[in-house]
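I opened a notebook for this structure. The entries below follow the order in which I looked things up.

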Amino acid sequence: MSPSNQSHRGVYAITPDEADTARLIERVSVVLDAGITWLQYRNKSAAPALRRKQALRLLALCRGRGVPLIINDDWRLAADIDADGAHLGENDGDIMAAREAMGDVALIGASCYDSEERARRAVGLGASYVAFGAFFPSPTKPDARRASTGLLASAAELEVPRVAIGGITPDNARMLVDAGADLVAVISGIFDAHDPAAAVRAYRDCFAPVD
Ligand SMILES: Cc1ncc(COP(=O)(O)OP(=O)(O)O)c(N)n1
Ligand SMILES: Cc1nc(C(=O)O)sc1CCOP(=O)(O)O
Ligand SMILES: [Mg+2]
């Protein structure tokens, strides 16, 4: 997988906690139509049965739009429903086990926070992308530890896509792209925006070359 591959570049939208499944699908549809690269299903409040139901509904939606669906936290659920990937943080289990269960082409992401060493280890264990953050104060996760943009450049040698996360807005995204981010992962900047589709387009513009 090449970090310059266009299919691994752009907007990585992450769902907000949304208990109403019909509303979740409605909100995500708008965002998919605006042109995102990947979607992550993340719902920290839902019980397992609701998470499974929502993940299945999102998977059908994403398949129809050709957008990979990555499941947060739970690689077993991801493997069980045949999602496109799983995202694992420091308390979310074993990258090697996820890779073994999900196969070679699955998108297995690892949260690396502010640590290049953690990213190196994750790639060694089979991660397909690494995520660093938080780069800015995050409304969704105010206590997230902070990362510096230098990590994005130095992690280029890992030769997997580098994801930036945490408080990313259309106004600060370009500096992360310029620093080496292949994807920007966003919750509130999209889903709390007055016009989520316009927000996605504004993030996408940050990946376009400046004239
Ligand atoms: C793309 C991406 N990066 C980081 C995270 C955070 O993962 P984690 O630290 O496990 O925290 P939770 O999201 O589970 O609260 C992520 N989900 N996605
Ligand atoms: C889920 C998550 N992980 C982070 C990390 O730094 O690892 S920051 C974060 C929240 C991202 O939401 P928002 O775009 O609203 O800031
Ligand atoms: Mg997690």
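Entry 1, burial. I call a residue buried if 20 or more other C-beta atoms lie within 10 Å of its own, exposed if 12 or fewer, and partly exposed in between, with C-beta atoms placed from the backbone. This is a predicted model, in which local features need pLDDT of at least 70, side-chain atom pairs count only at pLDDT 80 or more, and totals for chains, interfaces and linings use all residues. Residues are numbered from 1 along each chain as its sequence is written, while chains are lettered from A and ligands numbered from 1 in the order in which they are written.

I found the feature "binding site" at Asp73 and Asp92 in an unreviewed UniProt entry. The two are spread over 20 residues of sequence but cluster in space, with a largest C-alpha distance of 5.3 Å. UniProt positions are given in the numbering used here, feature names are shortened, and annotations may be inferred rather than shown by experiment. I then asked where Asp92 sits: is Asp92 buried or partly exposed? Asp92 has 16 other C-beta atoms within 10 Å, so it counts as partly exposed. Its place is the loop between β4 (85-88) and α4 (95-102). Asp73 is in the loop between β3 (69-72) and α3 (75-81), and it is buried because 20 other C-beta atoms lie within 10 Å. Helices (H or I, at least four residues) and strands (E, at least two) are DSSP runs, numbered from the N terminus.

The unreviewed UniProt entry lists residues 11-190 as "domain: Thiamine phosphate synthase/TenI". Over residues 11-190 I read 39% helix and 20% strand, with the end C-alpha atoms 10 Å apart.

I counted a residue as near a molecule if its C-beta atom, placed from the backbone, lies within 6 Å of it. Ligand 1 is surrounded by 15 residues, the closest being Gly89, Ser111, Ala131, Ile165 and Ala185. Elements β5 and β7 (162-165) each give two or more residues to that shell. Around ligand 2 I noted 17 residues, and the closest are Gly133, Ala134, Ser138, Thr140 and Ser188. There the elements giving two or more residues are β5 and α8 (188-191).

A nonpolar core is a set of buried Ala, Val, Leu, Ile, Met, Phe, Trp, Tyr and Cys residues joined through C-beta atoms within 7 Å. The largest has 68 residues, and Val130, Val163, Ala164, Val184, Ala185 and Val186 touch the most other members. Strand β5 (residues 107-113) supplies the largest share of this core, 5 residues. I listed contacts (C-beta atoms, placed from the backbone, within 7 Å) next. Leaving out residues up to four places away in sequence, Ala164 touches Phe132, Gly133, Phe135, Leu152, Leu176, Ala181, Val184 and Ala185.

Val200 lies in helix α9 (residues 196-205) and is buried, because 25 other C-beta atoms lie within 10 Å. Beyond four places in sequence, Val200 touches Val11, Val31, Ala34, Gly35, Ile36 and Ile190.

The chain averages a pLDDT (the predictor's confidence in each residue, from 0 to 100) of 96, and 97% of the residues score at least 70. For the complex, the predictor gives an ipTM of 0.99 and a pTM of 0.97.

Note on methods:
Contact = placed C-beta atoms within 7 Å.
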